[in-house]
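I opened this entry to look up charged pairs and the surface, and I keep the notes in the order of looking.

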Amino acid sequence: MSLSDRKRRPISPESPPLTQLKGAPRGLLLHYILHSISVKPKHGYEILQDIDGKTEGAWRPGVGSVYPILKKLLTSGYIQADDRGPVESRRVYSITPKGVEEMKGRGEMFANSWQRWTAMRRLFFDMLDPAGISQMFIEGSRKQFEMAKELMEARSAAMSRNEVDFMLREYSVNLERQLDWTQGQLRGLRSRPVGHRLR
């Protein structure tokens, strides 16, 4: 069969579907495992449970992803293993001084990564149909508030009073802008004839 014949060959009906979107970047998993161990010594299964619980099952990395990373962190000296855990077959991992030092420089890196991932939302917007847009708009705004509330309640104790005050004031200003925009959209919508299709 010539190259031109292969190019013209139709796709078989039995061709496998495109892969589903799932998981998260592998680099994030490595950093989260180190973070999780820095909070409290854990064995691998506890880390899997932790990720599953905090993402409400949206991200479930397998043991084939977690254990090679644990081995890499162990070999690099960022964590250490203690075989005397509550179950003998489970190695309990704890962070080392080298791991603690590594954790100190991660704040700016995650802030930059968060900005990049947030910017990618426009790619998802382009691929949504109207039903998907409605669901993302409603659920997204609810989840965004829940995330801000959870972040504040979980981490504000580690921040100064001035930092928390600044964050809450800025958040309040953003909420006012969102409310003004939403009310403007509703006023414009109500001024259109019933059945008028938006463009």
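I took a salt bridge to be a side-chain nitrogen of Lys or Arg within 4 Å of a carboxyl oxygen of Asp or Glu, and by this rule I count seven salt bridges. The model is predicted, so local features need pLDDT of at least 70 and side-chain atom pairs count only at pLDDT 80 or more, while totals for chains, interfaces and linings use all residues. Residues are numbered from 1 along each chain as its sequence is written, and side-chain values use heavy atoms, with hydrogens and water left out.

For accessibility I used these classes: buried is under 20% relative accessible area, exposed is over 50%, and partly exposed is in between (1.4 Å probe, protein chains only).

I looked up K54 and found a salt bridge with D50, the closest N and O atoms being 3.6 Å apart; both residues lie in helix α3 (residues 44-54), about one turn apart. Helices here are DSSP runs (H or I, at least four residues), and strands are runs of E of at least two, numbered from the N terminus. K54 counts as exposed because its relative accessibility is 61%, whereas D50 is buried because its value is 17%.

Next I checked E56, which pairs with K143 at 3.2 Å between the closest N and O atoms. This pair links distant parts of the chain, since E56 sits in the loop between α3 and α4 (63-75) and K143 in helix α8 (residues 130-155), 87 residues apart. E56 is exposed at 63% relative accessibility, and K143 is partly exposed at 35%.
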